[in-house]
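Have the sequence and the structure at hand as you read.

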Amino acid sequence: LLDDVTVSDSTVIVLPEASLDVSVAEESQPDLKFSNAALELHSNLAIQFKTNAGLFESSSYKNPYVVFHFNGNEKTVTEYKVENGQYVFTFTDIAPNQIAEKVQATLHADWNGADVAGTPLSYGVSDYCYRMLKNSAVVNNDAYAELRTLLVDLLRYGAMAQKFTGFTGETVDAALTDAQAAWGTTGTPALESKTSTSYATVENPTASWTNVGLVLEDAVTMRFKFRTDSTAGLKVKITSDTNAEGWVIDAADFQYEESTGKYYVDFSGFHAGQMRESVYVTVYNGDTAVSNTLRYTIESYAHKYQTADATQYPYFAELVKAMMRYGDAAYNFAN
């Protein structure tokens, strides 16, 4: 992710809470524990871990923070949001092929000068999905039809990502019942390429677009490559169908590819429901456009690779189609 790209609240889809039913041993002071969890659908996946604000506002607990362990790494998060009487700590950067893996979250706080740690909670994206798919309110109320579809399509996207990255065990969608599986999207998504390197043009451009594509790692990241003789004073501005103000990436954050002599910028400011939405990318020098405007969508990438050779790229065609089914389900849920 680019540190200088401001991501607004519109770039995330937050799913409903799931209760955790966490029990811990009795202590002389109130238990430090989480009460609920929810998913955030950015360009990658994130889990919100929530704890009741009253735990800190009516006791001697102060300065809460969470220590996360995931995929062999430790991360301490001290920042939190206060929403609906809860403190919300968010763990980000979960890749689709990791949705069956557990995030271990431990809530800490100061208790009269001593650091106190609650009982660690292990929780993953798939835990949330299956818990919600068994929730009687979700199962029996068609007001949640879009959520059911989204959860099943997310599990199938994760399963295909597992296969693409070489996982050979039981995939994350294997536990779906026939009834749950029927809630998912079927068929091949209709895909269209909207790629244009000259959506809008300028006279005598000094920067020219050479390549566009995606980087499919922990996030769905768009990558835009261009040539220019000098980056002095340059910036890349990205707007979209729903964000005319857009994002700006300064020259200090351009990446240089020595093997080709090209520069590139990465952009991951979209949430999962924006895979068919166009971005418009232009190089500026000050307030003057010095490149043609490039139009691109995540869908355009999927369109290109929906018939990728399975021998050369095992599971890749099915991965991009599963990604688009998930993206369409996220759009339908968000809207």
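We begin with a charged side chain and a ring: arginine 148 lies over the face of tryptophan 183, at 4.9 Å from the ring centre. Keep in mind that this is a predicted model.

Now for rings that meet other rings. A pair of aromatic rings is described by the distance of the centres and the angle of the planes. The count in this model comes to 25 aromatic pairs. One of them is formed by tyrosine 80 and tyrosine 87, and this pair is stacked. Tyrosine 80 also pairs with phenylalanine 89, and here the planes are at 45°, so the pair is tilted. The table puts the two pairs side by side.

| Pair | Centre to centre | Angle between planes | Type |
|---|---|---|---|
| Tyrosine 80 and tyrosine 87 | 4.5 Å | 20° | stacked |
| Tyrosine 80 and phenylalanine 89 | 5.2 Å | 45° | tilted |

Which of these residues are buried, and which are partly exposed? Tyrosine 80 has 33% relative accessibility, so it counts as partly exposed. Tyrosine 87 has a relative accessible area of 8%, which is under 20%, so it is buried. Phenylalanine 89 is buried too, at 0% relative accessibility.

Elsewhere, one aromatic cluster is formed by Phe34, Phe49, Phe68, Phe70, Phe91 and Tyr123.

Finally, let's turn to two strands. S13 covers residues 207-216 and S14 covers residues 220-228; they run antiparallel and are joined by nine bridges. Together they form a hairpin, with three residues between the strands. Within this pairing, leucine 214 stands opposite methionine 222 in S14.

Notes. Residues numbered from 1 in each chain as written. Predicted model: local features only at pLDDT ≥ 70, side-chain atom pairs only at ≥ 80, totals over all residues. Heavy atoms only, no water. Phe/Tyr/Trp six-rings, centres within 6.5 Å; stacked < 30°, edge-to-face > 60°. Buried < 20%, exposed > 50% of the residue type's maximum accessible area, 1.4 Å probe, protein only. Lys NZ or Arg CZ within 6 Å of the ring centre and 35° of its normal. Pairing = 2+ DSSP bridges. Helix = DSSP H or I, 4+ residues; strand = E, 2+ residues; numbered from the N terminus.
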